[in-house]
Amino acid sequence: MIGFENFSENLIISIKSRLKPVCSPYRFYAIFPGLVLCSAPIWCQKEPVTEPVLPQTIVFEKKQIATESYESVGVFDVNNDGALDIVSGAFWYEGPLFAKRHSVGGPKRFGEYYDHFSTIPFDVNSDGKTDFITGGWFEKKLVWKENNGSEEWPEHLIAEVGNIESTRAWDMNGDGVLEIVPNTPNDALRIVFWQNGKFEVKTIAEKQGHGLGYGDLNGDGRGDIVVPHGWLEAPEDIFNEEWVLHEEFQLGTTSVPMLVTDVNGDGLNDLIVGQGHGYGLHWYEQSIGNKKKGSREWSKHPIDPFNSQYHTMEMADLDGDGVEELVTGKRYKAHNGNDPGGYDPIGLYYFRWNGESFSKQVIDFGVYGEGKGTGVSFEVIDLNEDGRPDIVVPGKDGLTVYFNKELNNELKEQKH
């Protein structure tokens, strides 16, 4: 049992309950051999709690896959044997054990970075073997790596799009094929789409900035694109009509992605935004300012202002209760330690929405070598087919899987 440590970053922010002021932000947690058990914070109140508060915990089994420092990961069946494999950087790790490593070749290294900031599965040449799309900051190219079964997957240029911070993919027109959207802070915002057997590129805005999100913000059934200085409203024909920019906020150097989701269940989609190169994780509540004009207002609420480099995040139902949790953490040495908080301890967390605020749960935390950060992208997926989503996390601090095990007894009794 490791003793408790004073984690000021573990405060539950904006708590709006009957509990009185917090007098200690201590969190107790235990690490058993191969297991990380994280619990909800223990609070000190001026008034007694009249109802029992059961710890809501999930047990994760931590397994280090590799010490390579690639910051992106993808999960798909590389060799068509029916088992999911892990692909990161120059290698893929054969499932279900992930012990056997195979080379795919590349990518180039620039200082502490590899020019590999996404791993998007896509069978580009329709040969039945899954390839992947990637790209990087330094060579300014979006490329696809061809899964040809060898130890050197050929690299093919898609487009030269500028410095790529990271890349995301969504089926934006509902045809079952992913559209690719690189986040290029210094360049235009482009959609890369597959048409007539080749990739086409559509520029929808000349300015983008650091950060990218996607989702329906105005309730018209079409997915809009979020950038740090506003959101672009999707037209009916996303490839041939104009995207209208609504400059309704200034969010800073934000995460990739920013998440579009109805946090408070009021029927309007809100935003969850991390600061990729500074301190802060917040959600922005959408409300209708003028119903006739359809104008929106955005209210900023803190989730966790005490950690830095919330560079990427995902939503997933980790405990099977039908409600998704926010999964995120600190990108280790995002700017090689030069960001605010660059040498703070690193961590991986999930946040539960309790109907009024988010509560922070620790999956892993500590200095380099003990805790674990997120890289620029990670995957939440059921790796071992046990019905519970696991977390696959790359980064300059290595490649690690957190297997999602059974809930603890208290939570199982509470859920049933």
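This is a predicted model: local features need pLDDT of at least 70, side-chain atom pairs count only at pLDDT 80 or more; totals for chains, interfaces and linings use all residues.
**Close-up 1. An open sheet of 4 strands.** The strand order is E10-E11-E12-E13, with antiparallel pairing. Strands here are DSSP runs of E, at least two residues long, numbered from the N terminus, and two of them pair if DSSP finds at least two bridges between them. At the edges sit E10 (120–122) and E13 (155–160), each pairing on one side only. On average, neighbouring strands of this sheet are turned by 30° against each other, direction ignored; the axes behind that angle are lines fitted to C-alpha atoms, and angles run from 0 to 180 degrees between N-to-C directions.

**Close-up 2. Strands E12 and E13.** E12 (residues 141–145) pairs with E13 in the antiparallel sense over 5 bridges. Look for Lys145, which stands opposite Glu155 in E13.

**Close-up 3. The second largest pocket.** Its volume is about 500 Å³, meaning the space filled by probe spheres set on grid points joined across faces, edges and corners. A pocket is an open set of points on a 1 Å grid over the protein atoms alone, where a 1.4 Å probe fits, with protein on both sides within 12 Å along at least five of seven lines; lining residues have an atom within 4 Å of a point. Of the 25 lining residues, Arg168, Ala169, Glu314, Phe378 and Glu379 are the closest to the centre. E14 gives the largest share of the lining, 4 residues.

**Notes.** Residues are numbered from 1 along each chain as its sequence is written. Local features need pLDDT of at least 70 and side-chain atom pairs 80 or more, while totals for chains, interfaces and linings use all residues, and side-chain values use heavy atoms, with hydrogens and water left out.
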